[in-house]
Amino acid sequence: MPILRNLRVTLEMIKWEHSIFALPFALCGAMLAAGGLPTAHQLLWIVVAMVAARSAAMAFNRLADASIDAANPRTRTRALPAGQLSPGFVTTFVVLSSVIFMFAASQLNRLALWLSPLALAVLLLYSYTKRFTRWSHVVLGFALGIAPAAAWIAVRGSLDPRILLLTAAVTFWVGGFDVLYACQDFDFDRQAGLHSIPRYCGIRNALWIARGFHLLMVGLLIALLIVFALGELAVCGVVLVVLLLLYEHSLVKADDLSKLNAAFFTMNGVISVLFLVFIAGDLLLRK
């Protein structure tokens, strides 16, 4: 059936399986809020909300960037510029994903529902930031960074400033690896007049900025351990994150970006999952 084919192509286009980047940090936020495991009801709707929100954001990004992707040799084979999907179908997918996200928020609590349009605005409007600011990487980081704070609200129905440490940590984590990813488009961004840190600072300096972002992330994670009085297992998780970040940065050099996809996709998925495992283990063993 054409609609099933289009749905399959859409899911491939948005790489829905990469929801794993932010989902573990959202679950960390939920577990910190609950002091252990949230209820099954809360977990279900948090996962639904996260996947739906990311799906809406990624599909909207592909719509917003369709003409840019068509002009970029690296991205011109994506589904929209290649004509595999119509803008109308992708627009419908964005709308349905957004509706599912807001419905999921309504199943959690009133504050989550009230804030869901604001969260969607952040997620969708990010797509336009590289047209006017080199700091779009940080905006993308914040779009994913609100996940743990949103999950805290989903569990508690209120916001505790302590969870903003994890929001900030995820912001700089994502911002750092997005700076790395943007190095691939250094020449194209200059030609197309798009804004990015590599375009303005050069690839070599951009790599140092990415390292600085990730150093800030580590500092924020250490602060998180302190304010939540987490134990040795959580400390081991942060140490492991540091080691994996060091390995990730060793894969990318100013004169050799050939291993960038391994650094971007594989290592960041591993980092987020392992961080969740160690934080969850620490919280559950203390009960």
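1. Asp65 and Lys130 form a salt bridge through their side chains, with an N to O distance of 2.7 Å. The two partners come from distant parts of the chain, 65 residues apart. Asp65 sits in the loop between α3 (40–64) and α4, while Lys130 sits in the loop between α6 and α7 (136–156). Please keep in mind throughout that this is a predicted model.

2. Asp65 counts as buried because its relative accessibility is 2%, under the 20% cut-off. Lys130, at 23% relative accessibility, is partly exposed. The pair also belongs to a network of salt bridges that links Asp65, Lys130 and Arg131.

3. Six salt bridges are found in a search of the whole structure. One of the others to look at is between the side chains of Asp69 and Arg78, at 3.3 Å from N to O.

4. Arg190 has a relative accessible area of 47% and is partly exposed. Asp187, at 43%, is partly exposed as well.

5. His195 deserves a check against the Arg131 segment. The residue is in the loop between α9 (186–192) and α10 (197–201), and a polar atom of its side chain lies 3.3 Å from the backbone oxygen of Arg131. Beyond its neighbours within four places in sequence, His195 is in contact with Lys130, Arg131, Phe132, Thr133, Arg134, Ser136 and Tyr200. Is His195 buried or exposed? With a relative accessible area of 17%, His195 falls under the 20% limit and is therefore buried.

6. Arg74 is placed in the loop between α4 (66–71) and α5 (87–106). Its side chain makes a polar contact of 3.1 Å with that of Tyr181. Neighbours within four places in sequence aside, the contacts of Arg74 are Tyr181, Gln184 and Asp185. Arg74 and Gln184 are 110 residues apart in sequence, yet their C-alpha atoms are 8.6 Å apart. Arg74 is partly exposed, at 32% relative accessible area.

7. The largest nonpolar core has 78 residues. Which of its members touch the most others? They are Leu32, Ile46, Leu166, Trp173, Leu221 and Phe275. Leu221, with neighbours within four places in sequence left aside, is in contact with Leu166, Ala169, Val238, Val241 and Phe275. Another core, of 14 residues, lies apart from the largest one; among its members are Val9, Ala79, Phe89 and Phe93.

8. In soluble globular proteins, nonpolar side chains tend to be buried together. Leu113, Trp114, Leu115 and Leu118 form a nonpolar patch on the surface, and together they have about 420 Å² of accessible area. Leu113 belongs to helix α6 (residues 110–125). Its relative accessibility is 32%, so Leu113 counts as partly exposed.

Terms used:
Residues are numbered from 1 along each chain as its sequence is written. This is a predicted model: local features need pLDDT of at least 70, side-chain atom pairs count only at pLDDT 80 or more; totals for chains, interfaces and linings use all residues. Side-chain values use heavy atoms; hydrogens and water are left out. Patches are made of residues with over 30% relative accessible area and no salt bridge: like charges are joined within 9 Å, nonpolar side chains (Val, Leu, Ile, Met, Phe, Trp, Tyr) within 5 Å. Accessible areas come from the Shrake-Rupley method with a 1.4 Å probe; for residues, only the protein chains shown count as cover. A salt bridge is a side-chain nitrogen of Lys or Arg within 4 Å of a carboxyl oxygen of Asp or Glu. Helices (H or I, at least four residues) and strands (E, at least two) are DSSP runs, numbered from the N terminus. Buried means under 20% relative accessible area, exposed over 50%, partly exposed in between (1.4 Å probe, protein chains only). Contact means heavy atoms within 4.5 Å. A polar contact is a pair of N or O atoms within 3.5 Å; within protein, one must be able to donate a hydrogen and the other to accept it, and residues adjacent in sequence count only if both atoms are side-chain atoms. A nonpolar core is a set of buried Ala, Val, Leu, Ile, Met, Phe, Trp, Tyr and Cys residues joined through side-chain atoms within 4.5 Å.
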